[in-house]
Structure formats: C-alpha cells, structure tokens
Amino acid sequence: MENIVVRIPPSPTGLLHLGTVRTALYNYLFAKKYGGKIILRMEDTDRERSVKEYETDIIEGLQKLGISWDNGVIRQSERTEIYKKHLQQLLEEKKAYFCFCTHEELEMLRDQAQQEKRAFRYPETCRHISTEEAKIRQEKGEKSVIRFRIPDPVRDIFFTDLVRGSVKISTKELDDFVIAKDLETPLYNFCVVVDDAEMQVSHVIRGEDHISNTPKQILLLEAFGWNIPVYAHLPLILNADKSKLSKRKNKVSVDDYLQEGFLPEALINFLALLGWNTQDEEEIFSLADLVEKFSLERVHKGGAVFDMEKLLWLNGYYIRQKSLEEFEQCVMNSVFSQTKERENVLKYGNDFFKKALSLIQERTKKLSEVPEFLRFFFEEDTSFSYSSDLYIHKKMGTDIHSAQESLHFSLQVLQNYEGEYIADSLKNVFMERILESGFKNGFVLYPLRVALSGEEFSPGTFELLEIFGKERSIKRITRGLEILQQAVFSLKNTEN
RNA sequence: GGCCCGUUCGUCUAGUGGUCAGGACGUCAGGUUUUCAUCCUGGUAACAGCAGUUCGAUUCUGCUACGGGCUACCA
C-alpha cells in the first residue's frame, strides 16, 4: 500500500469519549503499521455546540494515551473559505440548490410521516427554483439552506468496506440532503468530503454509525470528480444492554477513567481488544505491540460490550508490572498530587511511605483505591480506632476474650524479640514460639494483624510488623488490648 | 415505518466442511505452612432457530427470530 493517509476527526462537543479513542486508536495503529500519515481534524462546524475547552480536552487526552498525529491540528472552522468555494462550484453546476422550506414546515411533514408510519422524504419543493429566483427571494430576506441534488437516474452505490466487504445502497433511499446552512456555514457531510479529498485521505476508518453517511459522501465525491477512499466501518462499543455506548449508561469520558486511576496503557490495551484481536492467545499488548500486530482484516463486525471487570483486571495487571518507583510516581501524580495529601502521607518519612506502597501494590486495581488502602498506616497508634468485632473470627478460633490472650502472647514475644526487625526473622521467631505454646497459627497471627491494621483485610502480619517497627507495633498491640478491654466492659454492662 | 449492519460460553473472543469448539475476564472449588490480594491447579459455561447443499455442517446458501445503527438546517 502506498500513500496511506488517515484522519482522526473528533467533534469538540464533549469531553474525549471512549469511542472516539477507540476509533482514533485503530486509525493510529493502521497508519503506523504502514508508515502512513495521520491527520487530526477538529470537526467544529457546529458553532453552537463546539467548545474550545472540549477541543483542549480531546487533544490532551489523546496525547496522554500516546496517540499522536502528524503536523498540527486542523480546524474546519478555519476553513470556511475553502468550503465556500466548493459550495459555489456545486451551485453553479446546478448540483446543489437553495431551499426555502422552513424548519417548521419540514418538521410538520416529518411528524406526519412518522404518525402514518411512512418514511419521511424531502418533498423536493425547491428543487427547481432557479438561481435567479433564489437570489430575488434571498434579497427579500427569505431564509434558505443549500441542498445537494441527488443525481437523477436512480442507481445503486457500492463501496468497499475493509471490515464488511461490499456494501450496496440505492440512491432512491437518499433525499436531497442539506450540505450547508449558507455559504459560510457548511455542514458535516460536505466538509468531510472536501477535507478528505483535499487532504488526500486514503482510508476512512470510523464507527459503524457512519455507514449511512457513506453513500451521501460518495455522491458528493463523484459530483466533484474526486477519488473515493477505502472505507472501514468499525463495530460499536456497547453498553451492557447492547445499545451504543452512552453516558447515560456508562462512564464514557477518558478524563473520568484517568482520574480514577486507570493507566493509559491499560486503557489502550483494553480498547484495542474491543473489536479486534490476534489469532494467538496473547492479550497483553503495548502500543508498540499493537502497531506491529494490528490489521483491519481482523476487526470484528459485531459490536462489543464494554466490560468494566476486564478493564479492572487489565489495569491491576499493569499496576503490578510496575516497579515500586514507577508505582510511587503514578500514585504521586494522581491521588496524592495535592500538597495537603502529600504531607499526611509523608509524615512518617519517605521510606515508610514507599514500604507501605510496596505492601498494597499487588492488590491495587486502580489508583483511586490507594488512599483507602494506605489509610491505616498513618493513623495515630495510641488513638487508633476500629471495631472490636474484627477480633471475632470463627475460623481462627478467636473472640474478644481469647483475642486478649492472643495479643498478650504476641506482645510478650515482641518485647523479648532481639533479632533483626524484618519480616523473615520475625516470622521465624513467631512460628517457633507459637509451636512451643501449642496455639494455632491463626489464633495468634490473626488478632495480631487486626491490632496492627484495624482492618478486616490487609497485607500480611509480618510485613506489617516490619514496616511499623518494634515501637509502633507494641503501641498498636497495646491499643488493641484497650479496645478489647472496652468491648468486654460494655458487654458486661449490657448483660446486667 | 424505511434503509443498512450484525448474531460462538455471562462478557471479550479463537477456530474448522469431520475439533473433547480453544483462550482471556468473571464465577465456583482447591492449593500457596490458615485475613485479603497476588500466584498456581482444576471446574462451570457457547456455535440464535428452521430449512437447503453435503456422506457430514458451528463453518456454505436461504428464510425466520432477535439485537443494533441511521433516518437533523448534530457530528
């Protein structure tokens, strides 16, 4: 293949959408694979709905995800003159005409058709209005739009779709559609055609929802005598109920995912797999891997339901793959980016923070979970508070009474402990002493873990002993004993 | 309503005219000297239906059903 040119054409009418990213990604992968060129083109012809902030969001979002393009950003809003010139050409050649039907009139007809369960068709009221007549009416102040004249003999339009094979649509299904509100305000279908031709786009890779626009665009292309690109219509990303992914039913903004602590590489990997895959059983792909492996031929026809569970799994996988330094970096840049949050988390020093991170890395599925996982590490040892019910565990054979015995045992072991204060040797000594005592492992280890963490689930007992150090460990065990004592007290009171 | 597109485990999917229809996520069970997580092992679970072609169809053809998209002076 030669001279591959693709385009990424977002419309800045909202925050960067997952669907936009997936389409952009496939364009990117295809172009990179074949050494093609990528155009980023803002489709901002709708002046009312296009917002500069959204444009910025889209550009930055794509960059964060590693999707790049060639040259700068093209804006359709800056190309009005070019469209105007082509609009005039079509008008002169009588391939387009002014239409004076009002929005209200057409809306009425549309409703009527709807009620009678008929297909609405533009009645072609203005199709034969001459340029001269149109000019007079415009001078009188009548509003008009510009419609494209569907060429007369009805015929079938065929186009090649790299995903679906050959698609056929008859021109009799097409209305004389509006291509511009006026010479200065061209509409989507028109701009796309002019731009794609002028930018020599070779492959139009876009969502399935554009299939029905394709014949219109081909007709326009033909009217100008321009080349027709190769099309590839991608399957849609779906909500759980199989409807098109929407913000009503799903989180669709890339910002939301990034803020929640999904990693760019996980998002990319996940999105790539929605509608495409390789023959082998590998599923973990970096952007570079994807460039190498990608092919439009292996893109699916059917839509793909967005599965949060799998994204979560992938994200956790990527988090686990990171070195501790990288993980720390990610956490600092996201959930602890504020000074206040940093201060709290660094009050026991950077080494402590880092060790704590190392203990929770493997259980982290998204970065937003980190603050909660880390919370107990930073509590005050002596005023640490949690429910005494945590000490009750059937399988471990503990209740609030026996847990006291257990904690006293641990306290004593710890106070007499002389060795190096690291998890491995702590474990050796504890296991030895437990064996001598005749207690069960869980009977000692479980309450000890609760005293250290105040959590139902947490990292392992010995790792916690190590990170807290002898002094803080003893304080926490003592605090645990207090909490148990109080529980026993209030239990007695309720009994009386 | 019209036009168009689609349909393999719950989800993402591999695959072939004759396969025990494979993998991943989820889920369930077990293990990793008894928390959770990680890791490992194992289990569960699918070719929408009906015809036709064929010695044989999940695979090819047709129909039906179901799902979806579009049907703007949005993109």
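Analyst: A residue is called buried if 20 or more other C-beta atoms lie within 10 Å of its own, exposed if 12 or fewer, and partly exposed in between, with C-beta atoms placed from the backbone. Glutamate 124 has 15 other C-beta atoms within 10 Å and is therefore partly exposed. This is a predicted model, in which local features need pLDDT of at least 70 and side-chain atom pairs count only at pLDDT 80 or more, while totals for chains, interfaces and linings use all residues. Residues are numbered from 1 along each chain as its sequence is written, and chains are lettered from A and ligands numbered from 1 in the order in which they are written.

User: Where is glutamate 124 found, and what is its phi?

Analyst: Helices (H or I, at least four residues) and strands (E, at least two) are DSSP runs, numbered from the N terminus. Glutamate 124 is in the loop between helix 4 and helix 5 (131-139). Its phi is near 65°, a positive value in a residue other than glycine. Lysine 94, also not a glycine, has a positive phi of about 60° and sits in the loop between helix 3 (80-92) and strand 4. With 10 other C-beta atoms within 10 Å, lysine 94 is exposed.

User: How many residues of helix 4 are buried, and what span should helix 4 have?

Analyst: The expected span of a helix is 1.5 Å times one less than its number of residues. For the 13 residues of helix 4 (residues 103-115) that gives 18 Å, and the end C-alpha atoms are 18 Å apart, which agrees. The number of buried residues among the 13 is zero, so helix 4 lies largely in the open. Lysine 117, which follows helix 4, has a positive phi near 55°.

User: In what order do the strands of the open sheet run?

Analyst: Two strands pair if DSSP finds at least two bridges between them. Four strands form an open sheet in the order 4-5-8-9, with antiparallel pairing. Strand 4 (96-99) and strand 9 (185-186) are at the edges with a single partner strand each, so one side of each has no neighbour in the sheet. Strand 5 (residues 145-148) and strand 8 (residues 178-182) are joined over two bridges in the antiparallel sense, and arginine 147 stands opposite valine 178 in strand 8.

User: In what sense do strand 10 and strand 11 pair, parallel or antiparallel?

Analyst: Strand 10 (residues 203-207) and strand 11 pair in the parallel sense over five bridges. Glycine 207 has leucine 234 in strand 11 as its bridge partner. Of the five residues of strand 11 (residues 230-234), four are buried. A crossover is right-handed if, with the strands pointing away from the viewer, the path from the first strand over the helix to the second runs clockwise. Strand 10, helix 7 (residues 214-224) and strand 11 make a right-handed β-α-β unit.

User: Which residues come nearest to RNA strand B?

Analyst: A residue is near a molecule or strand if its C-beta atom, placed from the backbone, lies within 6 Å of it. There are 62 residues around RNA strand B, and Ser11, Glu43, Tyr188, Gly302 and Arg363 come nearest. Elements that give two or more residues to this surface include helix 4, strand 8 and helix 11 (308-321). Helix 18 gives the largest share, four residues.
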